[in-house]
Amino acid sequence: MNIGKYKLKILTSGFFRLDGGAMFGIIPKVLWQKTNSPDDANRIKLSTRHLLLESSGKKIIIDAGMGTKWDEKLKKIYAVDENHSMTKVLNNAGLKFEDITDVILTHLHFDHAGGSTTFAYSKFIPAFPNAKYYVQKEQFEWAKNPTEKDRGSFVKNDFVPLAEEGVLNFINGNEQFDDEIEFIVMNGHTIGQQLVKISDSSNTILFCADLVPTISHIPVPYLMGYDVQPLVTVKEKNEILPLAAKENWKLFFGHDPEFAFATVKQTDKGVREAERFTSFG
Ligand SMILES: [Zn+2]
């Protein structure tokens, strides 16, 4: 798919599992298990899915995935699927880490920023050696000093080394990155999460990150227990989803195990899925 000067590709760098109850907050299991079947530890399958935007001068990736800095215990807790990796998916696209010019981080939770750094030569270094990285300044400050509720979601070695290397660029609020790419700040899931809207005069795709992590999270009350400000998420979904329906945006899911994106429509019950897609086709 092309938007403006960019050719878009979908890259899935991995799969892992999180507790189904935590992923769906107050929604009863009898409802969410119909679409997201849990394993015997009550965990549901999730992906780490990225957009790659290629122009003549740039190769931009959105989010960095889980990365490879996982010990055996954590790999087990999160059921990290080792048959997939960023190395493999880049390779399949004919790319290397060196080719990426820009890494846009929606936020710094380990499943989005884990792949930002790698451990080599006895220290943590940027995994994409030639890239500039982008994150909201507020998210960076929050991630350095999270609350007791959300500190399990941040690993300092995923992002502090980027700042120390001078490759981390801070964004302050909603900002137009270039003609096609716009950052939209959302504060419900974590403080200073940025969604990425890519558009031209005919198409819009919204990288929903953890505002709408899977296709099952489109209905407004389907919120994650991880959200630090759930009522803010409710407000944010009520603002963005009707606009997405009206303007026929493609909503891109970073965590859906199967579907990469969907369009949405307004119904009597609120905004719901219209059509679902696994690829740009
Ligand atoms: Zn998150």
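I took contact to mean heavy atoms within 4.5 Å. The model I examined is predicted.

**Overall fold**

I looked up the secondary structure and found 8 helices and 16 strands in the protein. I then checked the radius of gyration: at 18 Å it is close to the 19 Å that the globule rule gives for 281 residues, so the protein is as compact as a globular protein of that length. For the extent of the C-alpha trace, I noted about 55 × 45 × 35 Å along the principal axes.

**Burial, contacts and charge**

I recorded 52% of the 281 residues as buried. Among contacts with a separation of 6 or more, I found that 66% join residues 24 or more positions apart. The accessible surface came to about 12,600 Å², with 49% belonging to carbon and sulfur atoms. I also located the 33 positive and 36 negative charges; their mean positions lie 3 Å apart.

**Helix H8**

I next turned to H8, residues 230–246. Its 17 residues should span 24 Å at 1.5 Å a residue, and I found its end C-alpha atoms 25 Å apart, which agrees. I listed its buried residues as Thr233, Glu236, Lys237, Ile240, Leu241, Ala244 and Ala245. As a reminder for reading that list, an α-helix has 3.6 residues a turn, so residues three or four places apart point the same way.

I then asked what covers the buried residues of H8. The cover includes strands S11 (181–186), S13 (204–207), S14 (250–252), S15 (261–267) and S16 (270–277). Finally, I looked past the helix: H8 is followed by Asn248, whose phi is positive, near 55°.

Definitions and conventions: Residues numbered from 1 in each chain as written. Predicted model: local features only at pLDDT ≥ 70, side-chain atom pairs only at ≥ 80, totals over all residues. Heavy atoms only, no water. Helix = DSSP H or I, 4+ residues; strand = E, 2+ residues; numbered from the N terminus. Rg over C-alpha atoms; globule rule 2.2 N^0.38 Å. Buried < 20%, exposed > 50% of the residue type's maximum accessible area, 1.4 Å probe, protein only. Areas by Shrake-Rupley, 256 points an atom, 1.4 Å probe, with all protein chains shown as cover. Lys, Arg positive; Asp, Glu negative; His and termini not counted. Charge placed at Lys NZ, Arg CZ, Asp CG, Glu CD. Expected span 1.5 Å × (residues − 1).
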